[in-house]
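Visitor: I have a structure to read, and I am new to this. Can you walk me through it?

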Amino acid sequence: MSQPTIDQPVTDFTAAATSNTTVTLSELKGSNVVIYFYPKDSTPGCTTEGQDFRDMYSQFQAANTLIFGVSRDGMRAHENFKAKQSFPFELISDPDEELCKLFDVIKLKKLYGKEHMGIERSTFLIDADGVLRKEWRKVKVKEHVAEVLAAAQAL
């Protein structure tokens, strides 16, 4: 599988998500799709980012855009995180890093002087035809979701 390239179709994938759902990219055609990767459930930056997507959810809906959050956390952690934060969108569990590898978001990170492989906060905007239109890597949470929304509205 080659990693997605701007203005190229994204390789189809199927992944398990919260609310007992399965997300298959090809079945979402007709809607724009935001997939955002974040390091870990219930951590400060990830919570803020999810809340921002939640708070602007109706605007994304008005722009015909679905939202999915992805991390390596298990389904139970995801369900708890989603319920606690009242996220109106599903979270995809990617413990085997299949989606992470597809989108090339696993990077060498430093935390407290120790290096480890982890998810680099990244967001991808796929149009209604399944084509990658925009990507954000090394995301800083502040103002990020508003930027993604503006890009979705411009499609």
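**Pockets and a helix**

Guide: Start with the largest pocket. By class, its lining holds five charged, three nonpolar and two polar residues. Keep in mind that this is a predicted model.

Visitor: Which residues line the largest pocket?

Guide: The lining is made by Pro-39, Lys-40, Arg-72, Asp-73, Lys-109, Lys-110, Leu-111, His-116, Gly-118 and Ile-119. Strand S6 (106-111) and strand S7 (114-119) are the elements that give two or more residues to it.

Visitor: What volume does the largest pocket have?

Guide: About 240 Å³. The second largest pocket holds about 160 Å³ of space. Its lining has 12 residues, and the closest to its centre are Thr-14, Ala-15, Asp-94, Glu-98 and Leu-99.

Visitor: Which elements each supply at least two residues of the lining of the second largest pocket?

Guide: Strand S1 (14-17) and helix H4 (98-102) do. By class, this lining has seven nonpolar, two polar and three charged residues.

Visitor: Now a helix. Which residues are buried in helix H5?

Guide: A residue counts as buried when its relative accessible area is under 20%. In helix H5 (residues 144-154), that applies to His-144, Val-145, Val-148, Leu-149, Ala-151 and Ala-152.

Visitor: Why are they on the same side of H5?

Guide: Because they cover an arc of only 160° around the axis.

Conventions:
Residues are numbered from 1 along each chain as its sequence is written. This is a predicted model: local features need pLDDT of at least 70, side-chain atom pairs count only at pLDDT 80 or more; totals for chains, interfaces and linings use all residues. Side-chain values use heavy atoms; hydrogens and water are left out. Buried means under 20% relative accessible area, exposed over 50%, partly exposed in between (1.4 Å probe, protein chains only). Helices (H or I, at least four residues) and strands (E, at least two) are DSSP runs, numbered from the N terminus. The arc is that of the directions from the helix axis to the C-beta atoms. On a 1 Å grid over the protein atoms alone, a cavity is a set of points where a 1.4 Å probe fits but cannot get out, and a pocket is an open set with protein on both sides within 12 Å along at least five of seven lines; lining residues have an atom within 4 Å of a point. Grid points are joined across faces, edges and corners, and a volume is the space filled by probe spheres set on the points. Ala, Val, Leu, Ile, Met, Phe, Trp, Tyr, Cys and Pro count as nonpolar, Asp, Glu, Lys and Arg as charged, and the others, Gly among them, as polar.
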